[in-house]
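Thank you all for coming.

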Amino acid sequence: MRLCSTFSLFGCLRLKKLLRPAAAVLAACLLATVSVSTLFHAAAASASVSAMAGGRLTAESADSDQKLAALMYHHLLKKAENTRYQGNGIVTYTEDFESQLKWLSDNGFASVTPAQVEAFLYNGQALPARAVLITFDDGYLSNAVYAAPLLRQYGFTATVFLVTGKLSSSSPAFDPAGIQMMSAAELESCADVFTYASHTDDLHQAVGQGRSALTEGSAETLRADLQKSLAVINSLKNGSCTVFSYPYGFVNDRVREELKEAGIRVAFRAAGGVITADTDPYDLPRYDISYQVTLTKFAEYMKNVM
């Protein structure tokens, strides 16, 4: 409306010959201002739309060269005490774990939290140079007995994905000839180095090739399990309710949708590879570190982010 009023005024000014040159100049300036402003706002809107995809910043908005390595561990045992689980891929020897932490420390790596990974993927927030996310699946007592002290010694943190329905109701004694899970006491005492997240409550069973109780359960079963698991995680000191680990790494579209509905924003598989700014947040890879991974092989994995 103001432009129309201005142009009406110019019509009146044309009747006055002495003001014609000034009116012409003023009109040109006004039109140029409107044109530049329109182009500016259109460009800003276009940039804003281009920067967002699916609620997260694209790789072009973040540091496209930055990479992150995620490591997946399970159960730790000393070599001398492993009399029962020889050849079992869930075991990593404590001596090897310490050598790996020392290698990370000597080579300038910094551990990150799930919250930092989430901010990196969704907001383009930079990670520390040579970032590593150390994770443990299931919630074995050995994580508290062996992993936590070594993490403190070398200045690292880790994430433990808990099968919440299998947590011990009381603090168990550690026995390397058997399997014990952490209890509330261990979870509390290790919260300075561990972030806790969900690995389901009671859907951690393989039911076929590439299938698990999680992938095969009904929508109602998935929702109830996630709700129960996340309620436990939410009650823990240093619990994170936006992070998830797929049992056995098995996932399908229905599971992804249920995770999103439950508020999960990042989820990890078991396949190896590095994480970049454009990696799918619901398909994050981790290097599986078992007793079979030599320090040379470990270094090869980590050099992918150096």
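A salt bridge here is a side-chain nitrogen of Lys or Arg within 4 Å of a carboxyl oxygen of Asp or Glu, and by this rule the count comes to 12 salt bridges. This is a predicted model, in which local features need pLDDT of at least 70 and side-chain atom pairs count only at pLDDT 80 or more, while totals for chains, interfaces and linings use all residues. Residues are numbered from 1 along each chain as its sequence is written, and side-chain values use heavy atoms, with hydrogens and water left out.

Let me begin with Arg286, which forms a salt bridge with Asp137, their closest N and O atoms being 2.9 Å apart. Arg286 lies in the loop between strands S14 (274-275) and S15 (287-288), whereas Asp137 is in strand S7, so the pair ties together parts that are 149 residues apart in sequence. Helices (H or I, at least four residues) and strands (E, at least two) are DSSP runs, numbered from the N terminus. Are these two partners buried or exposed? Arg286 counts as buried, at 1% relative accessibility, and Asp137 is likewise buried, at 3%; buried means under 20% relative accessible area, exposed over 50%, and partly exposed in between, with a 1.4 Å probe and protein chains only.

Another salt bridge joins Lys260 to Glu257, with the closest N and O atoms 3.6 Å apart. These two residues are three apart in helix H9 (residues 253-261), and are therefore separated by about one helical turn. Lys260 is partly exposed, at 40%, and Glu257 is also partly exposed, at 43%.
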